[in-house]
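Please look through the chain below before reading on. The numbered points that follow are meant to be read with the model open beside them.

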Amino acid sequence: MASTPPVDSANSTAFDFTEAQRSDQFQQLRKTHRSFVFPMAVAFLVWYVAYVVTAMYAPEFMSQKLIGNINLGLILGLAQFVTTFGITAAYVSFANKKLDPQARALREKLEAAGAGRGEA
C-alpha cells in the first residue's frame with residue numbers, strides 16, 4: 001500500500017491555491033470568462049425555450065410550408081444545431097483571444113511561485 005509522506009510545513013514549497021483563487025489576476029480571469037458564458041447561455045436558453053413554446057402554442061405558424069414539404073418548424077429546429085456550432089466557434093475565438101493569455105500569465109505566476117514544483 002502506498003502512503004503519502006508527512007509534509008514538513010517548515011520546509012514545504014507547497015502553494016496556497018486558495019490564495020491564488022483570491023488574487024486579482026484570477027478574479028479578472030473569472031470575470032472575463034463569465035462575461036461571455038453567462039450572457040451566451042441565457043441567450044441560447046431563451047432561443048431554445050422560444051422554439052419549444054412556439055412549437056407547442058403556435059403549431060399553425062411552425063407548420064407553414066417554405067419549400068416543398070420543408071416547413072418553418074424544421075428550419076428553426078435545424079437552426080438550433082447551427083446556433084450551437086456558432087456559439088462553440090465564438091467561444092473558441094473568445095477563449096483564444098481573451099482567456100488563454102490571462103490563464104497563461106496566471107499559470108506562469110503560479111509556477112514561478114512554486115506551484116509547479118513537486119517534492120517527493
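1. Q80 is buried, because its relative accessible area is 9%, where buried means under 20%, exposed over 50% and partly exposed in between, with a 1.4 Å probe and protein chains only. Q80 lies in helix α4, and, once its neighbours within four places in sequence are set aside, Q80 is in contact with F44, W47, Y48 and Y51, contact meaning heavy atoms within 4.5 Å.

2. A word on the source: this is a predicted model, in which local features need pLDDT of at least 70 and side-chain atom pairs count only at pLDDT 80 or more, while totals for chains, interfaces and linings use all residues. Residues are numbered from 1 along each chain as its sequence is written, and side-chain values use heavy atoms, with hydrogens and water left out.

3. The chain holds four helices and two strands, which follow one another from the N terminus in the order α-α-α-β-β-α; helices (H or I, at least four residues) and strands (E, at least two) are DSSP runs, numbered from the N terminus. Of the 120 residues in the chain, 14% are buried.

4. Which angle do helix α2 and helix α4 make where they pack? Helix α2 (residues 24-57) and helix α4 (residues 72-113) pack at about 175°, and their axes are 10 Å apart, the axes being lines fitted to C-alpha atoms over the stretch in contact, with angles running from 0 to 180 degrees between N-to-C directions. The two helices are therefore roughly antiparallel, a label given to angles over 145 degrees, whereas those under 35 count as roughly parallel, 65 to 115 as roughly perpendicular and the rest as oblique.

5. For α2, 34 residues at 1.5 Å a residue should span 50 Å, and its end C-alpha atoms are 48 Å apart, which agrees; the expected span is 1.5 Å times one less than the number of residues. Helix α2 also bends by about 30° at R34, the bend being the angle between axes fitted to the seven residues ending there and the seven starting there. Its buried residues are L29, T32 and F36, and they pack against α4.

6. For α4, the 42 residues should span 62 Å, and the end C-alpha atoms are 58 Å apart, which agrees, while the helix bends by about 45° at A95. The buried residues of α4 include L72, G73, F94 and L110, and what covers the buried residues of this helix includes α1 (17-22), α2, α3 (59-62), β1 (65-67) and β2 (70-71).
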